Amino acid sequence: MSFTIPRTQKAAVVSTAGAKIEIKTDHPVKTQAELAPGECLVKLECTGVCHTDLHAALGDWPVAANTPLIGGHEGVGIIVAIGNNTSHCPVKLGDRVGIKWLADSCLNCEHCRKGREQNCPEAKLSGFTVDGTFAQYVVSYVNHVTPIPEGFDSNAAASILCAGVTTYRAIKYSNTAAGDWIVLPGAGGGLGHLAVQYARTRGLRVIAIDTGAAKKKLCLSLGAEAWIDFKESKDIVKEIKAHTGGEGAHAAVVTATSGAGYQQAVSYLRAGGTLMAVGLPGTATFDSSIFFTVFKSINIHGSYVGNRQDAVEALDIAARGDVKCHFELKELGDLASTYEGMQNGTVAGRVVLNMKD
Ligand code: NAD
Ligand code: ZN
């Protein structure tokens with residue numbers, strides 16, 4: 001099998017943090033000979049747009065992205081070239097694979113060995129420290145691309161690679177069992193609407209928190225049992241306690257983009273409850289009662305994307321139809337307006353960009 005690889009491609013480039021996105025049509029594509037051992041070239045079919053891409057483009061995090069930058073880390077495409085002298089290669093030309101946030105890790109350090117590949121000191125991050133999926137071709141790494149299950153539509157698979165993997169893993173480690181209550185601040189967004197569904201696959205009872213009629217409708221249609229509009233509610237803690245028989249929820253997975261989404265969690269969790277911190281406001285701090293964190297035996301965990309196994313598991317559940325990404329399909333030229341929509345909070349679910357033509 002061989003593929004014809006063009007010398008140039010269409011790509012969305014951010015020249016420096018905070019700069020406008022430029023859609024270039026003459027961005028160079030690496031040739032097969034230029035790929036290092038372990039690298040592969042993937043011709044993209046589509047890519048999701050994550051709020052993390054917006055943080056990277058704005059430069060509003062305490063860690064900086066490489067610039068000039070091609071963002072994007074929810075890509076699906078076909079392997080069209082593999083670097084010479086790649087040994088023990090788990091993929092082959094023509095395979096359909098996914099590109100996730102964690103592009104590569106060493107696989108040998110303590111973190112990798114313990115399954116926390118995302119904390120590897122040599123981790124490469126798609127669309128942040130290495131160019132990502134807002135281009136027709138992306139260079140990725142044979143050990144970390146994720147096989148896409150046969151028959152699973154690429155557009156539907158794209159956002160499982162970040163939004164899906166991340167919420168799947170956060171719920172997996174949330175110390176919950178079927179019948180438990182889980183609160184999801186940010187439930188109407190890209191991560192949140194998948195969290196509602198992954199929670200349902202585990203028999204959890206969902207209290208969705210977000211704002212606006214479209215997100216309310218989406219969350220309730222996906223199986224949330226209760227809805228709280230954070231802009232309208234006078235007392236979120238009281239409402240959650242009322243829904244949960246007075247005791248509070250067993251867990252919260254916060255995918256809200258603002259610190260406000262975190263503030264009341266220790267108050268609305270019941271004793272022994274678990275807070276999974278996922279949303280990444282760049283500068284907010286988390287202010288909670290130390291006394292009640294101890295007195296109620298509250299667990300607080302940071303949950304950062306997922307490893308290769310989490311990606312396989314999250315995709316498998318979605319490929320079987322138990323979790324569906326609710327997305328609108330757009331073109332690469334719509335990236336700037338998609339960021340605007342995310343910033344204004346008007347994107348219910350996800351935007352996926354068609355990269356085929
Ligand atoms: P999104 O914009 O699609 O969704 C965020 C949602 O949060 C929106 O619907 C918004 O209305 C809602 N929200 C804002 N303030 C809120 C509040 N006070 N209470 C409840 N809801 C509130 O964004 P996304 O793509 O789902 O990403 C969400 C966040 O998660 C971003 O900060 C992103 O960088 C981060 N993220 C983290 C990881 C990780 O590994 N931990 C992975 C991917 C994304
Ligand atoms: Zn993401």
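This is a predicted model: local features need pLDDT of at least 70, side-chain atom pairs count only at pLDDT 80 or more; totals for chains, interfaces and linings use all residues.
1. Cys50 is in the loop between strand S3 (39-49) and helix H1 (51-58), while Cys162 is in the loop between helix H3 (154-158) and helix H4 (163-172). That pair links distant parts of the chain, 112 residues apart. Helices (H or I, at least four residues) and strands (E, at least two) are DSSP runs, numbered from the N terminus. Both Cys50 and Cys162 are buried, where buried means under 20% relative accessible area, exposed over 50%, and partly exposed in between (1.4 Å probe, protein chains only). On bookkeeping, residues are numbered from 1 along each chain as its sequence is written, chains are lettered from A and ligands numbered from 1 in the order in which they are written, and side-chain values use heavy atoms, with hydrogens and water left out.

2. Ligand 1. This one has 30 residues around it, the closest being His51, Thr52, Asp210, Val305 and Arg350; a residue counts as near if one of its heavy atoms lies within 4 Å. For polar contacts, the rule is a pair of N or O atoms within 3.5 Å; within protein, one must be able to donate a hydrogen and the other to accept it, and residues adjacent in sequence count only if both atoms are side-chain atoms. A polar side-chain atom of Arg350 is 2.7 Å from an oxygen atom of ligand 1. Val278 uses a polar backbone atom, 2.9 Å from a nitrogen atom of the ligand, and Ser258 has a polar side-chain atom 3.4 Å from a nitrogen atom of ligand 1. Taken alone, ligand 1 exposes 870 Å², and the protein buries 94% of that. Accessible areas come from the Shrake-Rupley method with a 1.4 Å probe; for residues, only the protein chains shown count as cover.

3. Arg350 again. Besides its ligand contact, the Arg350 side chain meets that of Glu74 in a salt bridge (2.9 Å, N to O). The cut-off is a side-chain nitrogen of Lys or Arg within 4 Å of a carboxyl oxygen of Asp or Glu, and by this rule the count comes to 13 salt bridges. Arg350 belongs to strand S17 (residues 350-354) and Glu74 to the loop between H1 and S4, 276 residues apart. Both Arg350 and Glu74 are buried.

4. Lys172 pairs with Asp310 in a salt bridge (3.0 Å, N to O). Lys172 lies in helix H4 and Asp310 in helix H11 (residues 308-319), so the pair ties together parts that are 138 residues apart in sequence. Glu313 also meets Lys172 in a salt bridge (3.0 Å, N to O); Glu313 is in helix H11 and Lys172 in helix H4, 141 residues apart. Through shared partners, salt bridges join Arg169, Lys172, Asp310 and Glu313 into one network. Lys172 is partly exposed at 25% relative accessibility, whereas Asp310 is buried at 1%.

5. Backbone spots to look at. Most residues other than glycine have a negative phi, and most peptide bonds are trans. Thr67 and Pro68 are joined by a cis peptide bond, with omega about -10 degrees; Pro68 is in the loop between H1 and strand S4 (75-82). Asn175 has a positive phi of about 55 degrees, in the loop between H4 and strand S10 (181-185), and is exposed at 51% relative accessible area. Ser297 has a phi near 50 degrees, in the loop between H10 and strand S15 (299-302), and counts as partly exposed at 48%.

6. Surface patch. Phe291, Phe292 and Phe295 make a nonpolar surface patch of about 370 Å². Patches are made of residues with over 30% relative accessible area and no salt bridge, with like charges joined within 9 Å and nonpolar side chains (Val, Leu, Ile, Met, Phe, Trp, Tyr) within 5 Å. Phe292 is in helix H10 (residues 290-295) and is partly exposed, at 43%.
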